[in-house]
Amino acid sequence: LAPNIFYPLHQHEALELYYLCSGNLTISHGSNKDPNNLSSGDFSLTPSNQIHSLKTTDQPCLLS
């Protein structure tokens, strides 16, 4: 993902599993929960139909 990208709250039917290969990423699950800051080597799991948003830092990140 490119630097300084913000994907606003959204949802989809597919389960979403991220492995962060490089860079940093902030993911928020729901509108009232604290965001999770991920860095290289971290996993994130977003269940089906869970509202979430993503934000990258000033550096690109690579997700798998």
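Me: Which residues make up the largest nonpolar core?
Reply: A nonpolar core is a set of buried Ala, Val, Leu, Ile, Met, Phe, Trp, Tyr and Cys residues joined through side-chain atoms within 4.5 Å. Buried means under 20% relative accessible area, exposed over 50%, and partly exposed in between, with a 1.4 Å probe and protein chains only. Here the largest such core has seven residues in all: Tyr18, Leu20, Leu25, Ile27, Leu38, Leu54 and Cys61. Two or more of these residues come from each of strand S2 (16–22) and strand S3 (24–29). Strands (E, at least two residues) and helices (H or I, at least four) are DSSP runs, numbered from the N terminus.

Me: What should I keep in mind about the model itself?
Reply: This is a predicted model, in which local features need pLDDT of at least 70 and side-chain atom pairs count only at pLDDT 80 or more, while totals for chains, interfaces and linings use all residues. Residues are numbered from 1 along each chain as its sequence is written, and side-chain values use heavy atoms, with hydrogens and water left out.

Me: Which residues is Leu38 in contact with, leaving aside its neighbours within four places in sequence?
Reply: Contact means heavy atoms within 4.5 Å. On that basis Leu38 is in contact with Leu20, Gly23, Asn24, Leu25, Ile27, Phe43 and Ser44.

Me: What is the order of the strands in the open sheet?
Reply: Two strands pair if DSSP finds at least two bridges between them. The open sheet has four strands in the order S1-S6-S3-S4, with antiparallel pairing. Its edge strands, each pairing on one side only, are S1 (6–10) and S4 (36–39).

Me: How many bridges join S3 to S6, and which residue stands opposite Leu25?
Reply: Five bridges join S3 to S6, and Leu25 stands opposite Thr56 in S6. S1 is joined to S6 (residues 52–56) by three bridges, with Tyr7 opposite Leu54.

Me: What lies between S3 and S4?
Reply: These two strands form a hairpin with six residues between them, and Gly30 in the turn has a positive phi of about 85 degrees. Four bridges join S3 to S4, and Ile27 stands opposite Asn36 in S4.

Me: Is Ser44 buried or exposed?
Reply: Ser44 is buried, because its relative accessible area is 6%. Ser44 lies in strand S5 (residues 43–46). Not counting residues up to four places away in sequence, Ser44 touches Glu16, Leu17, Tyr18, Ile27, His29 and Leu38.
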